[in-house]
Amino acid sequence: MTEPLLSVKGLAKHFTVRKGFPKPKTTVIRAVEDVSLTINPGEAFGLVGESGCGKSTAARALLRLIEPDGGEVRFGGQDVRAARGKDLIALRRRMQIVFQDPYSSLDPRQSIGSALTEPMRVHGIARGEDAKKRALALLEEVGLPPNAFDRYPHEFSGGQRQRIGIARALTLEPELIVADEPVSALDVSVQAQVLLLLRELRQRRGLAFLFVSHDLSVVRWFCDRVAVMYLGRIVEEGPVGRVLANPLHPYARMLRDASPEPDPALRGALPRIVGEIPSAAAPPPGCPFHPRCPSAMPECSQVLPALKPTPEGGSVACHLYG
Ligand code: SF4
């Protein structure tokens, strides 16, 4: 069996907020709770759910862009949470992120050439002419002309800026890319081009992906496996074909049924997800989905369902199963 490249067990991230006057009250927001997943070398793993479900927070916490509050993260067998100093820098080099909004992640005063060569210099990969040569090759690989090297972020369109963001993520030759809604800020016409580029890079470089998205059709096209998150927890996980074609968890089913239908003849007949997502500061007792679930039973409001294995190698957290 392949050793996972990334292994996450019981990841948790809580935020504390103090609100109110004159006597502020402290509230704990459980943004990510008990999230476990594995990603194999070269595999694309999708993390989906409604806005606010904790998917982006989970992705940032496992990279330690924000410090997790609990759980274990191992990358290539190394303990990411325990890594310090040089070990952490070396791990970070192997795991890179592509953000949703490339403009806010690029320094407007820094030329593209400098944005690409600086990480190479800092990590001791290349400097001077060698770094420039590598940066020019990266620009070509992501479909940008060589003169992009001397230009600045504001001179590019949204799609081109995302190509720059991708090139920058590749400067350190990572093994895993965390792509956090990488195309959702782009025009629809440009989305497909950037997705094609990501898929080409995945194939050519053997990259693994953690692909965070609210768009199920994109995840279906790009990913091998998928996990569905609801209120900070994974409620179903498995091969993307099975989970999105035949979801077991009632929330995964509603999410699938509410996702845009490519066939215009079927549009308009789709049910909507009913109710609001509850606050992560006061999650409902038992199954967090029970106030919105059409299949809820009395035990659902009392007992939190554990993730149980499904026959094809995935898992589901719902009292309807097992
Ligand atoms: Fe619905 Fe109960 Fe399953 Fe939760 S555990 S998804 S409330 S049936």
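This is a predicted model: local features need pLDDT of at least 70, side-chain atom pairs count only at pLDDT 80 or more; totals for chains, interfaces and linings use all residues.
Trainee: Why is Gln191 called buried?
Mentor: Gln191 has a relative accessible area of 16%, and the word buried applies under 20%, so Gln191 counts as buried. Its place is in helix H7, where it touches Val183, Ser184 and Leu186, leaving aside residues up to four places away in sequence.

Trainee: How far apart are the C-alpha atoms of Gln191 and Val218?
Mentor: The two C-alpha atoms are separated by 9.6 Å, while along the chain the residues are 27 residues apart.

Trainee: What makes Leu255 count as buried?
Mentor: The relative accessibility of Leu255 is 8%, and because the limit for buried is under 20%, Leu255 counts as buried. Leu255 lies in helix H10, which covers residues 250-258, and the buried residues of H10 are Pro250, Tyr251, Ala252, Met254 and Leu255.

Trainee: Which elements do the buried residues of H10 pack against?
Mentor: They pack against strand S3 (44-48), helix H8 (216-222), strand S9 (225-230) and strand S10 (233-239). Val228 touches Tyr251, Ala252 and Leu255, and its other contacts include Val48, Ile234 and Val243, not counting residues up to four places away in sequence.

Trainee: What is known about the largest nonpolar core, and where does Val228 come in?
Mentor: That core has 57 residues, and Val228 is one of those with the most contacts inside it, together with Ile166, Leu170, Phe209 and Phe211. Helix H7, residues 188-205, gives the most to this core, with 6 residues. Apart from it lies another core, of 33 residues, among them Cys53, Leu63, Phe75 and Val80.

Trainee: Why is Glu173 called partly exposed?
Mentor: Its relative accessible area is 48%, and since buried means under 20% and exposed means over 50%, with partly exposed in between, Glu173 is therefore partly exposed. Glu173 is placed in the loop between H6 and strand S7 (176-180), and its phi is near 50°, a positive value in a residue other than glycine.

Trainee: Is Arg64 buried or exposed, and how do you know?
Mentor: Arg64 has 8% relative accessibility, and because buried means under 20%, Arg64 counts as buried. Arg64 is found in the loop between helix H1 (55-63) and strand S4 (70-75), and, with a phi near 65°, Arg64 has a positive value although it is a residue other than glycine.

Trainee: What kind of peptide bond joins Phe21 and Pro22?
Mentor: A cis peptide bond joins them, with omega about 5°, and Pro22 is found in the loop between strand S1 (6-19) and strand S2 (25-39).

Trainee: Which residues are closest to the ligand, and how many surround it?
Mentor: The ligand is surrounded by 13 residues, of which the closest are Cys287, Cys293, Cys300, Cys318 and His319. By class, this shell has 9 nonpolar, 4 polar and no charged residues, and the space taken by the ligand is the largest cavity.

Definitions and conventions: Residues are numbered from 1 along each chain as its sequence is written. Side-chain values use heavy atoms; hydrogens and water are left out. A residue is near a molecule or strand if one of its heavy atoms lies within 4 Å of it. On a 1 Å grid over the protein atoms alone, a cavity is a set of points where a 1.4 Å probe fits but cannot get out, and a pocket is an open set with protein on both sides within 12 Å along at least five of seven lines; lining residues have an atom within 4 Å of a point. A molecule sits in a cavity or pocket if more than half of its atoms lie within 2 Å of its grid points. Ala, Val, Leu, Ile, Met, Phe, Trp, Tyr, Cys and Pro count as nonpolar, Asp, Glu, Lys and Arg as charged, and the others, Gly among them, as polar. A nonpolar core is a set of buried Ala, Val, Leu, Ile, Met, Phe, Trp, Tyr and Cys residues joined through side-chain atoms within 4.5 Å. Buried means under 20% relative accessible area, exposed over 50%, partly exposed in between (1.4 Å probe, protein chains only). Helices (H or I, at least four residues) and strands (E, at least two) are DSSP runs, numbered from the N terminus. Contact means heavy atoms within 4.5 Å.
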